[in-house]
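Student: I would like to learn how to read a model like this one. Could we go through it feature by feature?

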Amino acid sequence: MVSRRKPSSVNFRRVHCTLEFLAVTSYLISLYRSPNEEDENPTATRMKRLPVLPLLLWVCAVYSVGIYLFVGGFLLVRLEVNRTSTCRDVLQPGEEPGDFCGVQPRFRRAVLLIIDALKIDFARFDPNNTEPRPYENKLPVLEETASTRPSHGRLYPFRADPPTTTMQRIKGFTTGSLPTFVDVGNNFASSAILEDNLIHQFGQEGKRVVFMGDDTWESLFPKKFYRSLPFPSFNVKDLHTVDNGILQHLYTTMVGDDWDVLVAHFLGVDHCGHRFGPDHPAMADKLTQMDGVIRSVIDRLQNDTLLVVMGDHGMTDTGDHGGESQKETDAAIFLYSPSPLFPGPPSQREPDVVPQTDLVPTLALLLGVPIPYSSVGQVLLPLFPPHGQKEGAVGGLSQLEALWINAKQVNRFLETYSGMAKDIPPENLSQLKNEFAHLSSEYLSSIREGRPPSPELASLLQAYLTSVRDTCRATWARFNPLKMAGGLAILALACLVCFILSELSSVLIMESGPGLKVPVAAALTGGTCVAACQLLTQGYIELAWCVAAAALSSELLFLRRAHQFRTSVVAKNGTKAPKSASWLTPSRLLTPPLLVLLLRCASLLSDSYVIAEGRVVTFLVFSLGLYIPFHLNWDGLLLPPSHDPLKPAGLLPSPVLSPSTVRKESSTLLTCVGFLVGSLYLSLNFHGCREEQGSCQPSPFLAPLSRMQNSQLKNLHYILSVFSLGLWTYLLRRCLRHYGNLNSSGGTVFTARFILPLLSVCLGLHWAVSATPEDSFRNLGQLISLAQLALPRAAFCLLGLGLFLIWLDPLTVFVKTRASALARGSSLPPPRYRASTGISPQAELHHLIPQLYQRMRRSLDDGELSGGGEVDSRPAVEAYGLGTVYSAPLLLFCGLLGLGLLLLHPEGMALSFLLLLLEMGAVLYIHASSTTLSCLNGTYPGGFYVPWTPVVLWSLAATQFFHATGHLPTFPSIQWGAAFVGFPDGHTGTVLPASLVTLNTFASHILFAVGCPLLLFWPLVCEVRGSKGGRACGEEGEDAVMEMRLRENPQQFSSALLQLSTRYLFILGAQVFASVCAAAILRRHLMVWKVFAPKLMFEASGFLVSSVFLLIGVTLVLRVDVAVGRWFKRLIPDASR
Amino acid sequence: MWDHEIRAMASTHAIIAASVFMATVLPAVVMPGFSVYGAHLLWIYSVSAAVTAVSVAVFWLLGITPPTKKHTVGYKLSKLVRSCLYFFLSCLFFHTVLVLYGAPLIEFALETFSLAVLLTSLTTLRCLCVLGPNVQAWIRVFSRHGAMSVWDTCLQITVACTLVGAWLGAFPIPLDWDRPWQVWPVSCSLGGMIGFLTGLVAAPAWIHYHRKQLTYKCK
């Protein structure tokens, strides 16, 4: 075979390439054959290529509609009551409508020090602890004050409601209401609070609220503050800006007299947790600083001032928050006043834990403002004197009065709310109403008669308030079952449609089966019909139902047409009937790959399996990987058939593959299975930990290098990361070079030659810069901060440029016209003449060798082809890299994208990304080898169809590497750091950070989805190895044409592409469907908000991201196809001249 | 067609199953604190030993073991040594596979190895008994047309059942039920054992019902 040993003939123009001995494959394209082909089916090429993309788009759209509808019904919504309390509300006991605010309050002023993420563990002080961790015993002031002056200050655990994100918490402890799940997404775009809240009430009463600190407040309460000093909060790496800004103004403000309520929100502790974790010296410094702040504030307090020091939420051991584990919810609250605050000594009735909602009524009553309208908290009783001993506090309310006001306000809110929304169960509501009526009559009668109310009344009122809060908490988990059912139905049908599309794809493309026009028309009619009906009956349009109707009608129509089509096909060729009629039978569905998929889907229905998802998926991938060689062996394909002398020779067909090829292929297969297994096992080392997994240690590679304190370990990690980065680049280039895709001078080749290495250099430098400790090079600080900004941005630009160039010029074919070489060869001037023109001897050598070689080969060709002279006179073209013309740009695209995504991850993840590349390669080669081996069986279906096993492997590997890149399907584990890569100072908008975080979270989904079409190409790419021993798949063809086969059979190509993509979409969609089912069935499960709902969100967004990138991959393939078509067109007139 | 063989197979399997039963019951009678969960490793080893001893004895007595070409003592001895070596290598192989499947590498090494020994004595040992120490033959047997006798088919069924049982046994491990049988490696060894017993029952039954369809190439 000539193609395998003539590197020099390819590379003589590029000296630097000739030096490296390349294995280049080349193709001789006889141009007398190509135009014929072009003439035969150019229309077919165009026409059949078209339906692939719209079909996929339609399927993706239907899936998205299903997800949208279900999520709309499943995620909780709470109606906001837009009423506000006023002073004229009749809350006081007695009939006369007294002015509530006219009474002198207990405190005139209040200072709220909010220390973000002040966990209760940080606030406690244990004098017996001789070796405190960095976060322990650093706030002695709280415990000291509480123990020395117990009637002035006390410390309580302060329990937040999930979600424990800062914006939700601010909302919670200013409005006193309970958050809903939907709010989580608003953390980046916090908009103003419309519900009644404390800040609003202070403003109404003419209290001057001065705010300083976290700028989230400014967006939540625009124009509500008397004076406001916001500081940027988004940059998690910045520990000091906010705190120092506050400290600059705090004391001066406190000394002055132009404030009534002072809110200071410190962010340092939270950012320190995010950046270093709680167990780090920086945390000790930060907490000690806070200790000093609290002391100075206490010194400056006046007698009429109340001090509240509180955390808005806690943090996990890694410094994250957002979930509902006790570590995240339990913050600290410390109440203090220079005048006696607590009427009694600490007693048995002290609350163990103060719920966060309780702060609102307490503060309101202490400061003499009405309780915000929709608060469901209850007053903190120890702060109020018991009934009958009011002499301790001037102008204050007694416990019972406070409880009464509180209960009345809560009852009023309940009545309003139940009038607006019907989501509170009526039986609960009537029970609560009766309870309140009973309590109020008892209380009012005792007041009227002037006798002391019974001592149980206070506890009854407390019980009433608690039960209201519990009822609210339970019912604001409210679902819309109709929408959920609709979403489920659409998703189920979409899965079915996907499956049928994948099974029917060949027939569909070949014989132009059920097209898209009718389903789309049905969708439009269905949608408009529903819209019209809604307009007529309700007067407004609910978009969700219109889209749902559209999706459902198009699905049903497609299914019906597919059914009709199938029966018509069966009727047409009766002999094929049993074969084509059997796609949906159990025997066809219960093959091991689909069984593995079924297991995977079933595992989504159990919280234990979702918690252990990373390992479960690895287990399943491993099982499926082992199944391949076992299955091949079962079919007797793994070993060359033994030649039994006893066997009659003519009985069996002679083997298509020679034994040596079989042996080679099987050893490749087994090696790749080994690689797969190895990378699977190693990838287990990169998992993060969920809070539910008790004894789990997160991978050390997950921490960014800047967090590491041991410099040796840091260097080791850095070297490992850079090594794997280099290997990633090297492997990619090696692969491209191996198939001769680096010879031409197009955009893709430029990208592979220059942008790819440059990008990895950028990445390595960026890691080095970001790993340097901040204060190590003082005089280079400017440079370092510049590099931190410039390097990632340069990398982003390079990435964009590379992807654009690949898109613009995806061909990697190097063309050498043989005709001209031959023509010159005949009239070749003698070497002496050429040398005399001044070309250096070396260059001449480079010219000479290929020419000599051409002559040799020409004579060889003459010998090979029978009609020697005739063939020779034909113009022909040698095209290098044509065999991998489709896969090369896709591979490069994948590789570049991988580097870009790696940039968004912690440095240690480079190893995991390398494993990802290796595993991708292993799966591709396993697929290629098993396809080659299956050809032996004779059961090869023809065409380029990708069986289920590799597709399932591919998609499960995406989930596996989702976990192996340190991600988890929980909100606290989202790597927010990704938003700051290249933007160390934070962002102004929300689109960019959100998309960066999305890219980071779904990196493996993206890579596997883009690379999905590679599964189609790889058996063809690897075919060249089989060509030595004989034809790979028994098709007539004299040369290794690799991916040109696709070009020769455009119909099969597009149907295979459609089948592959629909199979991939089916697998992803089935997983989404399973998690949707889990969320729907288990919606009252204990773990639904902790496990199933986040899993659903991640699975659904993973599906959306994957489908988008799958479409990008498929579009790229089609783009290459168009480019190849043009290239052929251009070549023909060129050559025929 | 092969009524004689099927009967022999059924009685062999009955003896092996009885030995498994005895290996579970006898230690419980002799030792006071013995239980399958409590002293799991002991149970594994006693069952493995019983199955090994009984299988070797029964297959040797039945003469299923492939005929030796040479009858010299040296050859027999080398075959024995090779068998032992294969047994040990198979233990290591299973151990590796279990670790790759996600078993803890260091923490439960002894437990993992015990499970590997159990799986070896349930699967590899049978291969050794039926086919002799010949890996080529083992690979050949596990293919669609590879079985050359009723015993080969039986081997296919029992080995597949055992491995699938052990594989299924891993499923309950992540569940949060806190049962004693969820502890590594109890569920897997129990799964393997149940699979093996199922295989012992299923193999003769399957062969009996398919005896008309079964055809074997002569050796």
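**Reading the model**

Tutor: Start with the disulfides: the count over all chains comes to 1. A disulfide here is a pair of cysteine sulfur atoms within 2.5 Å. This is a predicted model, so local features need pLDDT of at least 70, side-chain atom pairs count only at pLDDT 80 or more, and totals for chains, interfaces and linings use all residues. Residues are numbered from 1 along each chain as its sequence is written, chains are lettered from A and ligands numbered from 1 in the order in which they are written, and side-chain values use heavy atoms, with hydrogens and water left out.

Student: Which cysteines form the disulfide?

Tutor: A:C689 and A:C696, with their sulfur atoms 1.7 Å apart. The link is left-handed, with -70° about the S-S bond.

Student: How many helices and strands does chain A have?

Tutor: Chain A has 44 helices and 11 strands. Helices (H or I, at least four residues) and strands (E, at least two) are DSSP runs, numbered from the N terminus. Of the 1137 residues in chain A, 58% are buried.

Student: What do the contacts say about chain A?

Tutor: Contact means heavy atoms within 4.5 Å. Take contacts in chain A between residues at least 6 apart in sequence: 81% of them join residues at least 24 apart.

Student: How do I read a pair of packed helices?

Tutor: Two packed helices are described by the angle between their axes and the distance between the axes. Axes are lines fitted to C-alpha atoms, for helices over the stretch in contact, and angles run from 0 to 180 degrees between N-to-C directions. Take helix α26 (residues 613-634) and helix α37 (residues 948-964) of chain A: the angle is about 150° and the axes are 9 Å apart. Angles under 35 degrees count as roughly parallel, over 145 as roughly antiparallel, 65 to 115 as roughly perpendicular and the rest as oblique. α26(A) and α37(A) are therefore roughly antiparallel.

Student: Which residues of α26(A) and α37(A) meet?

Tutor: On α26(A), they include A:V617, A:L620, A:V621, A:L624 and A:I628. On α37(A), they include A:V952, A:L953, A:L956 and A:Q960. The contact divides into 10 nonpolar, 7 polar and 1 charged. Ala, Val, Leu, Ile, Met, Phe, Trp, Tyr, Cys and Pro count as nonpolar, Asp, Glu, Lys and Arg as charged, and the others, Gly among them, as polar.

Student: At what angle do α12 and α13 of chain A pack?

Tutor: Helix α12 (residues 268-276) and helix α13 (residues 281-300) pack at about 175°, with axes 10 Å apart. They are therefore roughly antiparallel. A:V269, A:C272 and A:F276 of α12(A) are among the residues in contact, as are A:M283, A:L287 and A:M290 of α13(A). Here the division is 7 nonpolar, 2 polar and 1 charged.

Student: Which residues of α7 in chain A are buried?

Tutor: In helix α7 (residues 140-148), A:P140, A:V141, A:L142, A:T145 and A:A146 are buried. The buried residues pack against α6 (120-123), β3 (153-159), α13 and β8 (330-336) of chain A.

Student: Where is A:E691?

Tutor: In the loop between α27 (659-683) and α28 (711-738) of chain A. A:E691 is partly exposed because its relative accessible area is 32%. Leaving aside neighbours within four places in sequence, A:E691 is in contact with A:E324, A:S325, A:E328 and A:K1090. The C-alpha atoms of A:E691 and A:T316 are separated by 8.0 Å, though the residues are 375 apart along the chain.

Terms used:
Buried < 20%, exposed > 50% of the residue type's maximum accessible area, 1.4 Å probe, protein only.
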